[in-house]
Amino acid sequence: MAMFLKRKEKAPKAAPTKKPLIRIAVVESDPLRFVGLRALFDSEPDFELISASLPDIGPHQNIDLVLLGNCHGQNLFDVMSCLKAPRPQLPIIVTGSGMDEQTILKAIAAGAKGYVDVAASPADFVQAIRIVSRGSVWVPRRVLSMFIERISDSPRHIFPTDQVAFTDRETEVLKMLVEGRSNKEIGTPLGIRERTVKAHVVAKLMRKVGVENRVALTVHAITHSLVPPQ
């Protein structure tokens, strides 16, 4: 008697999951830099690059991240302030050549979410964008090393994170500091004066953590995940 074996049908392969598009605005005075970045990210299908000037950023609500380069000699912090005025939550990665560690820390304290040297490898650029787009921070190891060394050399020492408790308001203030808000921008939603934020709220946070300035407080909050990711 003939026997017929039913051929086992192969299950259809699942379609690969498509990564969500990351729309990146490049603010850069040198047009060749944009061309270079576009070539650099050519192998990343979920990256969409847009060449933009400062006035373009506000209306483009679909921009997910900004790569901020050289802007015709304008002050870096003034440019960042203009970018974040209409969209305080907008992630910014500063790019440059040979920027010193202190300036990088100040840029992070002012609201930047990362710094990448223009001479960095393509892999570093891609990783920085992906990490920042997920709500984290990307800074060179030398910057974190400098921060750690300064804290170690300081007569005051940062208190262990598990020994410091924050109120809901203090956590909210920390979050706004990490976002790069000014004292006035912090005080308005809390209903307190600008000088009160500086003299009491931020000063108390610095005493709690054991740091002596706003930059150190901001970097400590970032590196120790003291605020929830955005």
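## Getting to know a predicted fold

Of the 230 residues of the chain, 41% count as buried, where buried means under 20% relative accessible area, exposed means over 50% and partly exposed lies in between (1.4 Å probe, protein chains only). This is a predicted model, in which local features need pLDDT of at least 70, side-chain atom pairs count only at pLDDT 80 or more, and totals for chains, interfaces and linings use all residues. Residues are numbered from 1 along each chain as its sequence is written, and side-chain values use heavy atoms, with hydrogens and water left out.

Q: How many helices and how many strands are there in the chain?
A: Helices (H or I, at least four residues) and strands (E, at least two) are DSSP runs, numbered from the N terminus. Counted this way, the chain has ten helices and five strands.

Q: Which residue in β3 does I24 stand opposite?
A: Strand β1 (residues 22-27) pairs with strand β3 (residues 65-68) in the parallel sense, over four bridges. Facing I24 across to β3 is L65.

Q: How far apart in space are I22 and L65, C-alpha to C-alpha?
A: I22 belongs to strand β1 and is buried, with a relative accessible area of 10%. Beyond four places in sequence, I22 touches residues including D46, F47, D64 and I129, where contact means heavy atoms within 4.5 Å. In sequence, I22 and L65 are 43 residues apart. Their distance in space is 7.6 Å.

Q: How many aromatic pairs does a search of the whole structure find?
A: Rings of Phe, Tyr and Trp (its six-membered ring) pair if their centres lie within 6.5 Å; planes under 30 degrees apart count as stacked, over 60 as edge-to-face and the rest as tilted. The rings of F41 and F47 have centres 5.3 Å apart and planes at 80°, so this pair is edge-to-face. The rings of F41 and F125 have centres 6.3 Å apart and planes at 65°, so that pair is edge-to-face. The number of pairs found is two.

Q: How many residues apart are F41 and F125, in the pair that links distant parts of the chain?
A: F41 lies in the loop between α1 (31-40) and β2 (47-51), whereas F125 lies in helix α5 (residues 122-133). F41 and F125 are both buried, and together with F47 they form one aromatic cluster. Their separation is 84 residues.

Q: How many residues does the largest nonpolar core have?
A: A nonpolar core is a set of buried Ala, Val, Leu, Ile, Met, Phe, Trp, Tyr and Cys residues joined through side-chain atoms within 4.5 Å. Those with the most contacts inside the largest one are I57, V66, L68, V94, V173 and L217. A second, separate core of 19 residues includes I22, I24, L37 and F125. The largest core has 46 residues.

Q: Which residue's side chain does a polar contact of 2.7 Å join to that of E44?
A: A polar contact is a pair of N or O atoms within 3.5 Å; within protein, one must be able to donate a hydrogen and the other to accept it, and residues adjacent in sequence count only if both atoms are side-chain atoms. E44 sits in the loop between α1 and β2 and, at 17% relative accessibility, counts as buried. Its contacts beyond four places in sequence are V126 and R130. The polar contact is with R130.

Q: Is A85 buried or exposed?
A: A85 is placed in the loop between α3 (76-84) and β4 (92-96). K84, in helix α3, is buried, with a relative accessible area of 10%. At 56% relative accessibility, A85 counts as exposed.

Terms used: Pairing = 2+ DSSP bridges.
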